[in-house]
Amino acid sequence: MTSSSIIGKRYIQPVINDFQKRFPQVEVELRLDDRLIDLVSEGYDLAFRVGEPKDSSFIARKIARNRMLLLASPEFIETYGMPKHVEDLKELPAASYSSPSKRIGGIRYRNADGDIIEQNIKSVFRANDAEVLLMKAISGNAYVLAPAFILDDEVKRGDLVPILTDMELLDYSAVYAVYPHRDLPVRTRLFFDAMREYIGKDIPVWEANIPDFDTMYKG
């Protein structure tokens with residue numbers, strides 16, 4: 001199977017450990033890669049990815065929602081002040097995700113009239129690694145728009161502070177299990193079910209890392 005790096009390290013590996021205790025005869029090969037994978041030509045049974053596959057011949061099943069939040073360090077807030085409106089961010093330095101297949105160039109939200117708006121951001125730092133983006137935000141010289149699943153205890157420790165929590169940020173797609181055929185091997189189907197159980201069917205386990213997250217961003 002294959003997964004993006006951070007999902008694999010934080011959420012798939014613990015499930016693999018438990019799964020192989022229950023089924024010690026099952027061998028697992030996990031490849032961590034943030035690039036788009038050709039499941040068929042590269043011989044994968046299962047992939048975990050953010051976003052539905054563009055190839056409609058693949059089967060995609062939603063694992064969990066992918067809520068976003070805006071984060072800044074206390075040092076950033078001391079330097080630039082606490083933003084009051086999303087427009088305040090357009091001239092402030094931002095860190096953003098960028099890869100050959102995916103690029104975040106703005107903040108998508110719903111305004112008071114129900115219209116979907118995208119506010120451009122001033123990216124001074126781009127990277128294709130979520131943990132690197134968090135480190136940049138913690139450094140104090142950029143804020144970041146981030147998915148909840150990349151957070152560990154940075155908010156609980158006070159290293160990062162959610163900002164503009166009254167606005168309605170839009171989810172960035174969702175986390176999906178993707179596979180090339182409807183007829184999954186039994187072991188793969190059992191692993192898929194174990195992942196759903198571990199992550200949580202309604203509220204993903206990673207949202208517990210953000211105190212009061214259910215009250216933020218019109219969640």
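The C-alpha centres of domain 1 and domain 2 lie 26 Å apart. The domain assignment, automatic or from a database, gives domain 1 as 2–65 + 173–215 and domain 2 as 68–169. This is a predicted model: local features need pLDDT of at least 70, side-chain atom pairs count only at pLDDT 80 or more, and totals for chains, interfaces and linings use all residues. Residues are numbered from 1 along each chain as its sequence is written, and side-chain values use heavy atoms, with hydrogens and water left out.

Contact (heavy atoms within 4.5 Å) takes 16 residues from domain 1 and 16 residues from domain 2. The buried area is about 1400 Å². That is the accessible area (1.4 Å probe) that the two parts lose on being put together, summed over both. Carbon and sulfur atoms give 58% of it. In domain 1, Ile6, Arg10 and Asn209 lose the most area to domain 2. Together they make up 35% of what that side buries.

Across the interface the rule finds 1 salt bridge. A salt bridge here is a side-chain nitrogen of Lys or Arg within 4 Å of a carboxyl oxygen of Asp or Glu. Arg10 forms a salt bridge with Glu131. Helix H1 (residues 5–22) gives the most to the side of domain 1 that touches domain 2, with 5 residues. Helices (H or I, at least four residues) and strands (E, at least two) are DSSP runs, numbered from the N terminus.

## Salt bridges

By the same rule the protein's count comes to 7 salt bridges. Two of them are listed here.

| Pair | Closest N to O |
|---|---|
| Arg10 – Glu131 | 3.8 Å |

Arg65 and Glu207 link distant parts of the chain, 142 residues apart. Arg65 sits in strand S4 (residues 59–65), and Glu207 in the segment after helix H5 (186–199).

## Overall fold

The secondary structure comes to 5 helices and 13 strands. The radius of gyration, taken over C-alpha atoms, is 18 Å, close to the 17 Å that the globule rule gives for 219 residues, so the protein is as compact as a globular protein of that length. The globule rule is 2.2 Å times the number of residues to the power 0.38.
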